[in-house]
Amino acid sequence: MDHVIAARAQMGTSLAFHIVFACLGVGLPLLVVAAEAMWLRTHRRAYYDLARTWSKGMAILFAVGAVSGTVLSFELGLLWPVFMRYAGGIIGLPFSLEGFAFFIEAIFIGLYLYGWDRLSPRAHWLTGIPVVISGALSAGFVTTANAWMNMPTGFRIVNGQVTDVNPIAAMFSPPWLVEVTHTTIAAYVLTGFGAAAVCAFALLRRSADDRREQVRAGLTIGMIVATVAIPLQWIAGDVIARFDADHEPAKFASLEAIFHSERHAPVTVGGIVGSDGVRYGIVIPGALSILVAGNPDAEVPGLDRVARNDRPPVAAVHYSFDTMVGSASLLLLVAIVWLVAALRRRELARWLLIGIAICGPVSVAAVEAGWFVTEFGRQPWIARGLLRTTDAVTIAPGLDVQFYGFSLVYVVLAAACWWLLRRVGTKPRGGERRSLSAHQSDTVSATTYPSSPA
Amino acid sequence: MTALEVDAGITLVALTLYVVFGGADFGGGVWDLLASGPRRDAQRDLISNAIGPVWESNHVWLIFAWVALFTCFPLAYADIATYLNAPLTIALLGIVLRGAAFVFRNYTSDNVALARTWTVVFGASSLLAPFFLGDAVGALATGRYAWTSPFALSVGLFDVALCAQVAAVFLVRESADPALRDDFRRRALRATVAVWVIGVIPVLLARTAEPQFFAALTGSTARIAIALAMLLGIVVMVLIARHRDTLARIAAGAEVVAVLGGWFGAQAPQLVPGRYTLASAAAAPAMLEAFAVAAACGAVLLIPSMLYLFAVFKGPGRVPEGET
């Protein structure tokens with residue numbers, strides 16, 4: 001395997017794996033805290049059981065998210081030392097702040113997960129709040145670093161040397177706000193639909209008939225988060241697309257597959273992307289000019305304005321973009337239908353449950369595809385205009401072996417997670433954290449229902 | 001004090017706290033692998049319960065030290081990441097497998113075969129990670145990144161022994177069961193002897209193979225720290241034997257600090273001996289200052305949170321103090 005390809009494959013695999021756990025690590029605490037709050041208000045056992053079940057899932061997902069995130073923080077240097085040599089001293093600030101946010105997250109998740117029987121119900125609920133906040137903050141901080149890679153700012157290059165470093169300006173590079181918003185909302189979209197999908201699946205399979213109230217409550221909380229998040233995500237997506245049209249023309253032209261600058265630029269969905277145009281796509285004439293400038297006569301700059309060796313891999317960007325938008329359309333549709341059904345207080349029909357269940361994997365696809373758009377869309381640059389990906393790679397040997405090794409580990413971890421989460425979710429007492437020995441049973445953190453919830 | 005010195009200090013403190021607390025969690029994994037006797041399962045439960053609530057926040061010290069290194073000393077960071085790619089990647093593999101296997105094991109304990117598999121993975125990866133992190137440190141000290149050299153490998157071995165020692169000392173006070181406490185008391189004593197013996201190996205190897213590092217190690221600052229570490233090893237043994245378990249914890253922590261102090265003292269102000277000093281590897285002054293300010297602000301949130309975590313799960317009154 002080619003050296004650069006191996007490095008990119010390893011980084012890409014690590015990110016694709018981590019991003020799902022990262023999103024759930026941001027979103028799930030909100031769901032768990034909401035469920036526990038409902039228990040504190042209503043004293044209904046179903047909410048307590050729901051919070052305990054989700055909290056077990058959170059324990060597994062957060063652990064895998066934490067270690068896979070560590071891999072990424074190391075791989076930045078292990079795979080791209082030339083990049084980090086430049087960038088570390090410019091964009092290190094948000095990473096450092098993310099370190100503190102991650103500290104707070106890890107500390108309070110320890111308190112939350114292991115504090116069920118050790119803290120008073122109210123104190124326990126309160127330990128969940130810093131997890132919700134710091135989770136969103138860490139995602140935000142890391143995303144500002146990615147924003148900087150799209151538009152490096154906060155320094156000058158004089159005679160090949162980095163000078164006039166301004167860490168604050170680097171952290172708040174032009175795309176920071178649009179990217180942070182879009183990425184953080186994505187976490188709630190994925191978690192809301194993901195949790196609701198699991199509950200919908202359980203209702204469809206009738207695998208949790210002894211806990212119907214709990215599963216329905218889980219579906220409602222998940223869908224509320226998802227239904228709030230998905231329209232906001234459409235707005236944030238529109239804003240970021242307009243930003244790209246103005247500031248990242250190569251990415252924008254690639255995601256819309258505009259090869260030639262033109263007036264009446266069309267929106268092209270799908271198709272076969274060739275080296276100089278798209279064939280067999282669904283073409284909506286003039287739509288892109290209207291979207292970008294509100295005027296069908298407006299000219300949209302195409303890839304012909306970008307030097308050939310500065311162009312992103314158009315097909316990958318375009319297909320990822322279509323996947324993201326297509327997935328998000330389905331998510332929006334299901335959210336609207338659910339909202340109508342929920343407001344009319346109808347029993348959710350079987351076809352709607354099927355729709356919600358499908359939204360689980362679809363929301364994951366949307367997040368992955370969105371990530372591909374921004375990463376492929378930035379190529380061939382690792383830091384746009386500053387350093388090419390091919391120039392940033394390490395000289396250390398054996399990257400292909402590392403890639404295969406880590407890929408194998410990720411496959412095993414994903415399978416183990418899947419299997420474990422299913423057990424935690426499907427068996428009322430399954431996957432309980434139990435002691436290995438009988439005479440240590442006093443240390444078991446079994447699900448003991450508190451006698452006085454408040 | 002300059003921002004450079006403050007940032008170097010913060011990085012070293014983060015690294016030290018990682019070796020003490022993160023190291024103890026790895027050591028717990030080592031004892032999990034070596035669990036034996038009639039109370040084997042009880043030993044493993046004790047280890048699980050002891051490291052469960054804290055291992056993730058202890059682990060963040062490593063990420064923080066790594067981030068501090070690339071933020072404040074990017075030139076040395078890029079050099080280290082390039083030439084220590086192999087040992088760090090293996091250590092990373094150990095870190096991933098340890099964390100995942102630990103949580104998987106905890107949630108599969110009603111399935112004996114699976115729990116056994118994850119237990120083995122947990123224990124083996126708890127050996128792998130500290131060994132190769134220690135090896136990377138040894139390789140760094142050579143200034144040649146000679147990570148396959150006997151010296152570097154012996155530092156890896158020493159790191160594993162150190163983690164196991166600290167873990168055993170910490171674990172004694174985690175149980176209310178006298179028999180279980182005695183299990184870890186014996187382990188703590190043996191491990192401390194092992195640290196003493198294994199600790200001599202890198203020093204002897206350095207004398208012939210790494211004369212420059214040996215000369216620095218026997219220089220004044222480092223020499224005092226190493227003598228202190230050896231003395232504290234004896235103090236730990238006495239305290240453990242006399243059931244002064246809380247004091248033993250403090251002495252074991254201090255011993256690790258002294259060991260690291262020996263290394264820092266021998267190497268400072270070199271970051272990569274012969275290649276980079278702290279100053280020559282440093283980021284721009286604006287970044288060094290921004291990092292110091294960010295760390296000060298972060299510490300205001302971090303320190304009380306961390307103390308609260310340890311007060312809830314490790315605080316006094318949780319288990320009875322020793323018989324004395």
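At what angle do H2(A) and H3(A) pack, and how far apart are their axes? I looked it up in the model, which is a predicted one. The angle is about 165 degrees, and the axes are 11 Å apart. H2(A) and H3(A) are therefore roughly antiparallel to each other, since anything over 145 degrees counts that way. Their crossing is left-handed.

Next I checked who meets whom. From H2(A), the residues are A:Ser55, A:Ala59, A:Phe62, A:Ala66, A:Leu76 and A:Gly77. From H3(A), they are A:Pro81, A:Met84, A:Ala106, A:Ile109 and A:Leu113. Sorted by class, that contact has nine nonpolar residues, two polar ones and no charged ones.

**One residue up close**

I picked A:Leu113, which sits in helix H3 (residues 81-114) of chain A. Is A:Leu113 buried or exposed? I found 24 other C-beta atoms within 10 Å, so A:Leu113 is buried; the cut-off for that is 20 or more. Leaving out residues up to four places away in sequence, A:Leu113 touches A:Ser55 and A:Ala59. A:Ala59 is 54 residues away from A:Leu113 along the chain, yet their C-alpha atoms are separated by 6.8 Å.

**Back one helix**

Then I looked at helix H1 (residues 3-42) and helix H2 (residues 45-79) of chain A, whose axes come within 7 Å and cross at roughly 155 degrees. That makes H1(A) roughly antiparallel to H2(A). H1(A) passes H2(A) in a left-handed crossing. I noted 26 nonpolar, nine polar and two charged residues in this contact.

**Over to chain B**

I listed twelve helices and two strands in chain B. The C-alpha trace of chain B spans about 55 × 40 × 40 Å along its principal axes. Buried residues make up 62% of chain B. Of the contacts in chain B with a separation of 6 or more, 77% are between residues 24 or more positions apart.

**Where the chains touch**

A reminder to myself: most residues other than glycine have a negative phi, and most peptide bonds are trans. I went looking for exceptions.

- A:His43, in the loop between H1 and H2 of chain A, has a positive phi near 60 degrees. A:His43 is exposed, with 12 other C-beta atoms within 10 Å.
- A:His264 also has a positive phi, about 50 degrees. With 15 C-beta neighbours inside 10 Å, A:His264 counts as partly exposed.
- A cis peptide bond joins A:Gln379 and A:Pro380, with omega about 5 degrees. A:Pro380 is in the loop between helix H11 (350-378) and strand E7 (381-383) of chain A.
- Chain B has a cis bond from B:Ala268 to B:Pro269, with omega near 0 degrees. I found B:Pro269 in the loop between helix H11 (245-267) and strand E1 (270-272) of chain B.

Terms used. Residues are numbered from 1 along each chain as its sequence is written. Chains are lettered from A and ligands numbered from 1 in the order in which they are written. This is a predicted model: local features need pLDDT of at least 70, side-chain atom pairs count only at pLDDT 80 or more; totals for chains, interfaces and linings use all residues. Axes are lines fitted to C-alpha atoms, for helices over the stretch in contact, and angles run from 0 to 180 degrees between N-to-C directions. Helices (H or I, at least four residues) and strands (E, at least two) are DSSP runs, numbered from the N terminus. Angles under 35 degrees count as roughly parallel, over 145 as roughly antiparallel, 65 to 115 as roughly perpendicular and the rest as oblique. A crossing is left-handed if the near helix is turned anticlockwise from the far one by less than a right angle, and right-handed if clockwise. Ala, Val, Leu, Ile, Met, Phe, Trp, Tyr, Cys and Pro count as nonpolar, Asp, Glu, Lys and Arg as charged, and the others, Gly among them, as polar. Two residues are in contact if their C-beta atoms, placed from the backbone, lie within 7 Å.
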